[in-house]
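Please walk through this protein from the whole chain down to a single residue. Keep the sequence and the model side by side while reading.

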Amino acid sequence: MAKKGKKAESTGLKSAENWQGTVVRTAGGSSWVRPEGGGEPQECKVKGKFRLKGIRTTNPVAVGDRVTVTPAFGGVSYITEIEPRSNYIIRRASNLSKESHILAANIDQAILVATLSQPQTPIVFIDRFLATCEAYNVKAVLVVNKADLFDADDRELAQGMKILYESLGYGFLTTSATTGEGLEQLRDMTKDRLSLMAGNSGVGKSSLINILAPGANLRTGKISDIHQTGMHTTTFSEMVTLPYGGELIDIPGVKGFGMIDFTKEEVSHYFPEIFKASAGCRYGDCRHIGEPGCAVREHVENHYIAQSRYNSYLNILEEIEEGEKYRKAF
């Protein structure tokens with residue numbers, strides 16, 4: 001894992017250089033690479049096996065990667081080298097899997113689009129995403145969309161979330177693709193930056209991108225009346241150019257956010273307020289789940305640490321323990 005404060009390691013396979021470019025789209029076994037000097041993206045295949053310091057990934061090449069492409073006979077070009085990544089963000093490919101899926105690479109920020117209803121984004125999903133950003137050195141922003149659907153309680157909840165997450169150092173914004181609320185701030189936030197835009201299906205991510213980049217023409221979907229969940233409309237990852245400067249990486253809706261390669265000892269490092277409070281614990285190896293003299297538990301009880309954040313911390317610990325039991329069984 002690329003630990004906080006360190007750059008991600010090189011994933012390169014050395015080969016004869018031909019031309020360089022940036023991966024702007026991935027779908028199936030193909031990647032589309034935009035040449036460094038400009039021009040239309042070219043479809044390429046991956047040559048050989050790329051490994052990320054022993055971490056098994058379902059997609060060795062991700063949107064945002066800077067790569068070397070070598071043409072081959074028959075009109076097929078191959079990606080033969082990936083430049084060292086400044087950062088990347090990944091999640092567990094599936095529940096209890098040992099494989100990871102790289103969402104994007106070399107990004108300036110990750111924007112998580114969430115909603116309070118239709119569908120409701122779980123708080124634990126938000127906190128897992130933010131913890132992963134902490135672990136992989138990615139600036140994180142939380143955008144709560146569909147503000148036009150807010151009632152009085154939702155407004156109060158959104159304000160509480162704003163106070164909480166901004167106090168932890170994260171950007172926060174409420175938006176509406178219907179009324180235009182927050183869209184000017186979102187433009188300012190994304191101008192001249194490469195941003196990953198992620199979220200559960202149905203949160204309105206594609207609608208926001210269509211407003212920011214009218215030429216994108218991304219498909220939008222309806223919400224399932226039965227489960228109040230979104231239907232997948234994006235089926236591949238793609239970089240979208242913003243007319244006012246900057247680019248967005250749009251990825252398929254993420255249902256769950258499983259952690260990859262976290263140990264129980266380091267989870268607290270990725271919750272800033274828990275890590276800070278842990279300096280006051282009686283024992284250096286305190287896990288903050290009932291040990292005597294635990295300063296973190298004291299902060300939770302006195303409301304200096306939000307109960308929701310502590311619950312998310314415990315949820316990640318529980319997943320790690322379940323994964324350890326699963327791997328021992330097999």
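How many helices and strands make up the secondary structure of the protein? The model, which is a predicted one, has seven helices and 13 strands. The protein has 330 residues, and 50% of them are buried. Its accessible surface is about 16000 Å², and carbon and sulfur atoms account for 49% of that surface. Contacts can also be sorted by distance along the sequence. Of the contacts with a separation of 6 or more, 68% are between residues 24 or more positions apart.

Next, find helix α3, which covers residues 183-190. Its buried residues are L183, L186, M189 and T190. These residues lie on the same side of α3, because they cover an arc of only 115° around the axis. What do the buried residues of α3 pack against? Their partners include five strands by name: β8 (109-115), β9 (140-145), β10 (171-174), β11 (194-199) and β13 (247-250). Helix α4 (205-212) is also among the elements they pack against. After α3 comes D192, which has a positive phi, near 60°.

Is S312 buried or exposed? The relative accessible area of S312 is 3%, and a residue counts as buried under 20%, so S312 is buried. Leaving aside residues up to four places away in sequence, S312 touches I123, V124, D127 and F271.

Conventions. Residues numbered from 1 in each chain as written. Predicted model: local features only at pLDDT ≥ 70, side-chain atom pairs only at ≥ 80, totals over all residues. Heavy atoms only, no water. Buried < 20%, exposed > 50% of the residue type's maximum accessible area, 1.4 Å probe, protein only. Contact = heavy atoms within 4.5 Å. Helix = DSSP H or I, 4+ residues; strand = E, 2+ residues; numbered from the N terminus. Areas by Shrake-Rupley, 256 points an atom, 1.4 Å probe, with all protein chains shown as cover. Arc of directions from axis to C-beta.
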